[in-house]
Amino acid sequence: VRRSIVVVVPYRYSLEDLLVLLHKCAPTKADAVSLRRRTVDHGLLSVGLKIHSLGIPSRFDALVEGLGGPEKILEINRFKQAQASMCLVLPPVGNARSAILLLDAIGEFIGPELFNNREIQLQVCSPGRLDARRSALLGVAFYLGSDTLRRYSLGDLATSFTRHLFYPRGRRLILYDANGDFDRGFDWWKGFGTHRVVDSQLPFDGGRSDLLAGSASRLDIENINLVATLLVHAQYHGYWRDLGRQFEAEMEGLLDKHLLAGLIAAPWVRTSDPNTHDDGRFYSALQELIAYAFEEARRIKVRQPGHLFRSWLDIPSRSSNGILQEVQSLLRKYRQELISQSSLLDRREPT
Amino acid sequence: MIRAHQPGSQPMDIPEAIPNPAVVPKQAPDRREPAPTNPVDKPEKVPAERG
């Protein structure tokens with residue numbers, strides 16, 4: 001069942017303008033994005049991106065000029081990472097694959113690759129404001145599921161909106177939007193079981209949960225998209241709500257097993273609730289997670305081939321595979337489950 | 001890299017980021033665009049030789 005509603009969202013530049021520019025350097029990728037920019041895969045959420053450049057802004061000059069100049073493209077956007085020289089906001093696309101191709105194409109246009117680049121901080125935007133507990137789960141799952149374990153300072157998470165008068169966002173990994181433009185024109189799956197209803201627009205008028213992923217990878221974008229989808233569907237009663245609630249329960253159980261359940265009570269996002277306003281409480285939780293993950297990484301390394309001898313310190317004290325491997329298994333399991341259920345639906349109701 | 005140093009001890013380098021050992025690294029895709037393919041030259045039809 002498909003219901004159609006036309007939505008017009010104003011942009012300072014369109015994705016089409018950007019793709020015309022990128023076509024000169026990366027025609028195949030630009031064409032692929034153009035073909036699938038509104039396509040939603042398996043009912044996953046759309047993906048928005050912000051590129052914070054910590055390096056020389058001139059790298060983006062040709063791109064920004066081609067889109068209409070800095071006044072039109074950069075200066076209207078007052079939000080950026082505190083150490084960034086500029087922040088380029090990209091129009092959202094319907095799927096993570098297109099988001100990755102778009103970043104690849106921009107990388108080819110400006111020169112250096114944008115993924116795993118220390119001078120580029122990526123912000124991945126998902127529609128829907130997750131509540132505090134689910135924001136914490138998103139942050140923890142992103143951190144442990146990433147292909148890079150990072151140490152953050154609080155300064156890394158500062159933005160121009162840290163102490164904003166109307167939209168103070170604090171220094172957090174997860175940030176809410178500031179009531180800016182919102183593109184609702186992406187499919188939203190609802191219903192349950194074999195009864196899937198596809199709305200042609202998202203069920204919220206506005207609101208996003210953004211993740212300051214830092215120097216991020218392709219896997220990070222895919223993981224954030226998967227986890228945000230499960231959590232947003234659980235919160236907003238989407239088609240994947242049951243799968244999302246199962247994921248929440250398993251993620252909480254996993255943290256509980258590793259004595260990290262208290263991390264979820266920390267304010268990973270700053271909401272209107274004054275109890276979430278303390279950056280220090282969040283940062284303590286983040287540091288605890290970082291310390292645990294780094295220790296786990298060290299333990300896994302000594303078990304890998306090439307390390308013949310282990311001291312008693314290196315012998316795992318628990319029988320589990322360890323939290324890093326468990327989170328990888330969890331993400332793999334839910335990705336496979338979501339894709340297999342979606343494929344089953346497609347076979348039952350061919351379009 | 002963060003450098004931790006206590007007087008009287010060897011300075012120790014603490015990495016800011018390390019690879020997650022639980023993630024099997026995927027080979028990064030080739031950034032280069034595929035070269036445009038030349039149209040296949042179809043031989044023109046020629047009448048079959050007889051005799």
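A:Arg196 is buried, with a relative accessible area of 5%; buried here means under 20% relative accessible area, exposed over 50%, and partly exposed in between, using a 1.4 Å probe and protein chains only. This is a predicted model, in which local features need pLDDT of at least 70 and side-chain atom pairs count only at pLDDT 80 or more, while totals for chains, interfaces and linings use all residues. Residues are numbered from 1 along each chain as its sequence is written, chains are lettered from A and ligands numbered from 1 in the order in which they are written, and side-chain values use heavy atoms, with hydrogens and water left out.

Let's stay with that arginine for a moment. A:Arg196 belongs to strand 8 of chain A, residues 195–199 (strands are DSSP runs of E, at least two residues, and helices are runs of H or I, at least four, numbered from the N terminus). Its side chain makes a polar contact with the side chain of A:Asp346, at 3.2 Å; such a contact is a pair of N or O atoms within 3.5 Å where, within protein, one must be able to donate a hydrogen and the other to accept it, and residues adjacent in sequence count only if both atoms are side-chain atoms. The charged end of A:Arg196 also sits over the ring of A:Trp189, 4.4 Å from its centre. For this, NZ of Lys or CZ of Arg must be within 6 Å of the ring centre and within 35 degrees of the ring normal. A:Arg38 has its charged end over the ring of A:Phe186, 4.5 Å from the centre.

Now to the ring pairs. Over all chains, the structure holds 9 aromatic pairs, meaning rings of Phe, Tyr and Trp (its six-membered ring) with centres within 6.5 Å; planes under 30 degrees apart count as stacked, over 60 as edge-to-face and the rest as tilted. One of them is the tilted pair of A:Tyr143 and A:Tyr152, 6.4 Å centre to centre with 50 degrees between the planes. A:Tyr143 is buried at 0% relative accessibility, and A:Tyr152 is buried at 9%.

A:Trp188 and A:Phe204 have ring centres 5.8 Å apart and planes at 70 degrees, so this pair is edge-to-face. Because A:Trp188 lies in strand 7 (residues 188–192) and A:Phe204 in the loop between strand 8 and strand 9 (208–214) of chain A, the pair ties together parts that are 16 residues apart in sequence. A:Phe182, A:Trp188, A:Phe204 and A:Tyr236 form one aromatic cluster.

Finally, chain B has 0 helices and 3 strands, and buried residues make up 12% of its 51 residues.
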